[in-house]
Amino acid sequence: MKSTAILLLHCPDESGIISEITKFITDNKGNIVYLDQYVDHEDERFFMRIEWELADFQIPRGKINEYIETLYAQRYRMTFSLYFNDERPRMAIFVSKKSHCLYDLLARYKAGEWNVDIPCIVSNHENLREVAEQFGIPYYVWSVNKDHSNREEVEKAEMELLKKEKVTFVVLARYMQIITDDMIKVYPHHIINIHHSFLPAFVGSRPYHQAWERGVKIIGATSHYVTAELDAGPIIEQDVVRISHKDTPESLILKGRDLEKIVLSRAVTKHIERKILTYHNKTIIFS
């Protein structure tokens with residue numbers, strides 16, 4: 001795999017941005033291998049993802065960020081992130097008792113589908129330790145008391161682990177605990193959650209039973225970044241499946257689980273590939 005640099009940016013829309021950035025890369029002997037851009041005409045905002053090979057690039061990789069900041073970020077009032085494809089993201093998985101999303105994530109990881117490391121799995125229950133051991137990944141358990149009296153202590157321990165393992169993003173694979181603002185501030189738009197798409201129509205427990213009783217014709221799943229407002233962060237991926245009067249609560253649960261793991265894995269894939277830009281409470285997903 002050839003080493004590449006990946007630049008994600010957004011700024012107020014004006015002419016000349018693409019030509020300036022591409023000229024900067026090509027003038028310094030960079031070979032562009034990917035370019036995708038989008039203009040939000042309502043907000044007059046320009047978004048772009050560009051990737052180029054570093055083999056003959058004349059600017060040392062440690063200086064590229066500084067060059068972009070000095071030459072373009074200030075000039076175009078640009079917000080940007082720079083990544084390198086040979087620097088593997090480090091993903092922590094948080095789980096509770098349900099295993100379907102965890103198994104899917106670990107299977108894709110072991111199959112080599114993702115350029116990612118998984119240094120740890122965190123849970124509030126012992127139930128899925130055997131799954132982690134099957135895949136050779138350390139499993140840590142911290143339980144929050146019913147009165148939440150030890151929540152601060154638990155999250156402090158979790159944060160220390162994430163820091164120690166140099167985790168770059170977190171995936172909540174049906175983790176049934178609230179993530180506090182402190183963790184969200186450390187990982188802004190880097191905590192990915194999955195839930196059924198009935199929210200807010202069927203809140204609380206047994207959403208599939210509620211949906212069956214209501215006679216819905218479509219069920220779905222949504223994956224999004226976690227923000228301080230519960231289940232209201234920028235949406236990364238969604239999908240639906242049609243159902244009928246022949247379905248039972250049990251068949252809805254099975255179909256829902258399939259959707260949840262597929263939608264979550266799609267969202268994780270886009271994050272690992274650095275193809276997501278967040279702006280306000282929306283995402284720009286590059287192809």
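This is a predicted model: local features need pLDDT of at least 70, side-chain atom pairs count only at pLDDT 80 or more; totals for chains, interfaces and linings use all residues.
Domain 1 contributes 14 residues to the contact, and domain 2 contributes eleven residues. The area buried between domain 1 and domain 2 is about 1000 Å², and carbon and sulfur atoms account for 65% of it. On the domain 1 side, the most area is lost to domain 2 by Leu 8, Phe 47 and Tyr 83, which together make up 39% of what that side buries.

The side of domain 1 that touches domain 2 draws two or more residues from each of the strands β1 (4-12), β2 (31-40), β3 (45-53) and β4 (79-84). Sorted by class, this side of domain 1 holds nine nonpolar residues, four charged residues and one polar residue.

For the protein chain as a whole, the secondary structure consists of eight helices and 13 strands. The C-alpha atoms occupy a box of roughly 60 × 40 × 35 Å along the principal axes. The radius of gyration of the protein chain is 21 Å, which agrees with the value near 19 Å that a compact globule of 287 residues would have.

Methods. Residues are numbered from 1 along each chain as its sequence is written. Side-chain values use heavy atoms; hydrogens and water are left out. Contact means heavy atoms within 4.5 Å. Buried area is the accessible area (1.4 Å probe) that two parts lose on being put together, summed over both. Helices (H or I, at least four residues) and strands (E, at least two) are DSSP runs, numbered from the N terminus. Ala, Val, Leu, Ile, Met, Phe, Trp, Tyr, Cys and Pro count as nonpolar, Asp, Glu, Lys and Arg as charged, and the others, Gly among them, as polar. The radius of gyration is taken over C-alpha atoms; the globule rule is 2.2 Å times the number of residues to the power 0.38.
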